There are 2 protein chains.
Amino acid sequence: MAQATSLNEIVVIEDGSITLPQGYKAGGMHCGIKRKRLDLGYIVSEVPATVAGVYTTNIFQAAPLVVTQESIAKENKTQAILVNSGNANACTGEQGIADALAMQKGFANELGIPEHLVAVTSTGVIGELLPMDKIETGIKQILQKEYENEENFKQAILTTDTCTKEIAVQFTIDGKKVSIGGTAKGSGMIHPNMATMLGFVTTDAHINHDDLLFALREVTNTTFNMITVDGDTSTNDMVLVMANGLAENNQLTKEHPEWDVFKQGLKMVSESLAKKIARDGEGATKLVEVQVDGAFSLEAARAVGKSIISSNLVKTAIYGTDPNWGRIVTAIGYSGVPVKPNAIKVSIGPFTVFENGLPSQFIEEEVKEYLELENVKLIVELDQGDFSATAWGCDLTYDYVKINASYRT
Amino acid sequence: MAQATSLNEIVVIEDGSITLPQGYKAGGMHCGIKRKRLDLGYIVSEVPATVAGVYTTNIFQAAPLVVTQESIAKENKTQAILVNSGNANACTGEQGIADALAMQKGFANELGIPEHLVAVTSTGVIGELLPMDKIETGIKQILQKEYENEENFKQAILTTDTCTKEIAVQFTIDGKKVSIGGTAKGSGMIHPNMATMLGFVTTDAHINHDDLLFALREVTNTTFNMITVDGDTSTNDMVLVMANGLAENNQLTKEHPEWDVFKQGLKMVSESLAKKIARDGEGATKLVEVQVDGAFSLEAARAVGKSIISSNLVKTAIYGTDPNWGRIVTAIGYSGVPVKPNAIKVSIGPFTVFENGLPSQFIEEEVKEYLELENVKLIVELDQGDFSATAWGCDLTYDYVKINASYRT
């Protein structure tokens, strides 16, 4: 835990993650699904935690998502999460469901807790059955002390990711210190409405279930659902928030005077993870942020932002540091939002490139130089209202093609 | 005109194109917009032709599209088309409109016909003003005999295309020989609902305007609007059909006993051009065809087809000859169509790869070998009804990134 920076009373704890909140431990190991890298991980809370989840909108929901949702529905509690990478257990039929249930049961037995308190999830190749012998052997060993390590968990959930993704924040509720920590994976098959993405958020806040779910859904819409890498929405996406109450604050609800502090903390964690996923998009060299202002509705602002951030032509232009505002304008034009072409202003970083229906006077070399930065921001002013939205993505590079022409997801 | 092959009484005339129908001439030249390649072209009919057009759905319609649509609206007639490549005259404000009008007026003067009988269109870079001095000099020379050549026209409309695209068919209506010829350009910024694509179709059929427009719209929905290269819908797309009546058949209407022959001929021309555009997608090495059967509606069949053909992950897998049915199934799952996962059958060419919610037994090497072909077909059976649709696209390759990280469109 290095130095901390503060924002609205919410402090970011550097290097903090899912075990910063009280009462959580995490671990990971190599059980043999992947060749070498870690592929099985867990988070366990000392006590059953209130849980809320959001899941992929893809009609082909993977088996563990079905099992986890049904389990959570029983009492909105989860005490443990078991994750494997390297195999998504998706499109695996009845055997897939049986395998997800077996993972759940196996880990519940090791912990001595009811099965429905274990959430299971998987990420990796679609359509292959899980190697259950390896997983079951792994489950029997994974709670050993040598595997207990937050870093191991963060490693064990990765697929084509090039780095782990984590953040933690702290703030005060009812005078009690409350922490929220999170980690996520996701690199390809990433698109709004839940990416191929797993997000795990822990908190020691004491919070009402319905309000936690409300907060998670609201926050997801402005964070995880506003990122795209390649426009593909996966079968396995899920974000789970566990809240075990060990901070001993009075129960948070929407009526609690410090509700907004909690929601802001959850948003900071989610936005940070979402941006890290976008930046780590397959083959990406840059994080691209698109800010849309002046829309006549929130939906319109989001639609314009997503249209731009999803455009292969915009993404390749940014990779090529080409100030190609024409492609940005084109993407606005096919977003489906009835914009007013002559009212729109487009900026690349501090440089206005399009205004009053015409390209602006700008010095090409200056904008090219800006586009060489690792974090690039596009700003669109629609001048039709007061709604704003931000979307995040990355550039489209040779390496994206390389990774996806050879990696079997 | 080499040998001919016949289909339902409709004969494909090999090497035929826009000047096969009676009364059309075409030409092209280098006027100086591009460095070396031809960049200005025309089609002229001996007599005013009934005309029908379909145009981009992008809100930012380029200036020539505005001018051409207004001109055609006057009496649904066009006698000449003037096209430049290298500059799209899009996002160019009032000066862009003035330039498009000047192109129209200049060419009408050379031909000695009313201005509204000249359609103008442009393709190329967005947001730069046309070099009108070069274009006006070109217009004064382009009708010279040395530039009159159908091949020149086909060259003059290209941008990142690697080849010209043409087809012609002949059939009989009322005992009269009727021809339809077509050429098109398009390689990047290609997506359903009019790609960055120009299509020019000529026919000597005598046909009622409203019925011609009806036929064009219907045919466009199953051909030009079912291709994608990169999901970007351009500002300049347009398909124009000119029908000059010189075949002297009785006027075609939907009630004419041979209406279906004409419509089928128009569809053959449009489908052939659409497939050639998809195959020539930027960086593409393959034409990919997705056939969707058993949908509960035509819209559902099209949505599933477009979802698959637009998936970057499916496109990179095909480039890598990876029988990655999981990505196909995923794309079906996020198409927005309420499919039944366990009812779906997916085939890659002759090989069934997914059925009853599970991967099929197939020999990976056999499917890989099939995917090495230049024409790849994916077949999806949804088992929900009787509607079918076909979509065309291409693979996503290193060269797509290369072309678009450096070429300014």
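Me: How many residues does the contact take from chain B and chain A?
Reply: In this predicted model, 55 residues come from chain B and 55 residues from chain A.

Me: What area is buried between chain B and chain A?
Reply: About 4,400 Å². Carbon and sulfur atoms give 60% of that area.

Me: And how many salt bridges across that interface?
Reply: Zero by the rule, between chain B and chain A.

Me: OK, polar contact then. How many residue pairs?
Reply: Five across the interface, with both residues at pLDDT 80 or more.

Me: Which one gives the most?
Reply: α9(B), with seven residues on the side of chain B that touches chain A.

Me: How do the residues on that side divide into nonpolar, polar and charged?
Reply: Chain B puts 27 nonpolar, 21 polar and seven charged residues there.

Me: Switching to chain A. How many helices and strands?
Reply: Chain A has 11 helices and 16 strands.

Me: What radius of gyration does chain A have, and what would a compact globule have?
Reply: Chain A has 22 Å. A compact globule of 409 residues would be near 22 Å, so the two agree.

Me: What box do the C-alpha atoms fill?
Reply: Roughly 70 × 50 × 40 Å for chain A, along the principal axes.

Me: How much of chain A counts as buried?
Reply: 63% of its 409 residues.

Me: And what share of the contacts comes from residues 24 or more positions apart?
Reply: In chain A, 80% of the contacts with a separation of 6 or more.

Key
Residues numbered from 1 in each chain as written. Chains lettered and ligands numbered in written order. Predicted model: local features only at pLDDT ≥ 70, side-chain atom pairs only at ≥ 80, totals over all residues. Heavy atoms only, no water. Contact = heavy atoms within 4.5 Å. Buried area = accessible area lost by both parts, 1.4 Å probe. Salt bridge = Lys/Arg side-chain N within 4 Å of Asp/Glu carboxyl O. Polar contact = N/O pair within 3.5 Å; in protein donor to acceptor, adjacent residues only side chain to side chain. Helix = DSSP H or I, 4+ residues; strand = E, 2+ residues; numbered from the N terminus. Nonpolar A, V, L, I, M, F, W, Y, C, P; charged D, E, K, R; others polar. Rg over C-alpha atoms; globule rule 2.2 N^0.38 Å. Buried < 20%, exposed > 50% of the residue type's maximum accessible area, 1.4 Å probe, protein only.
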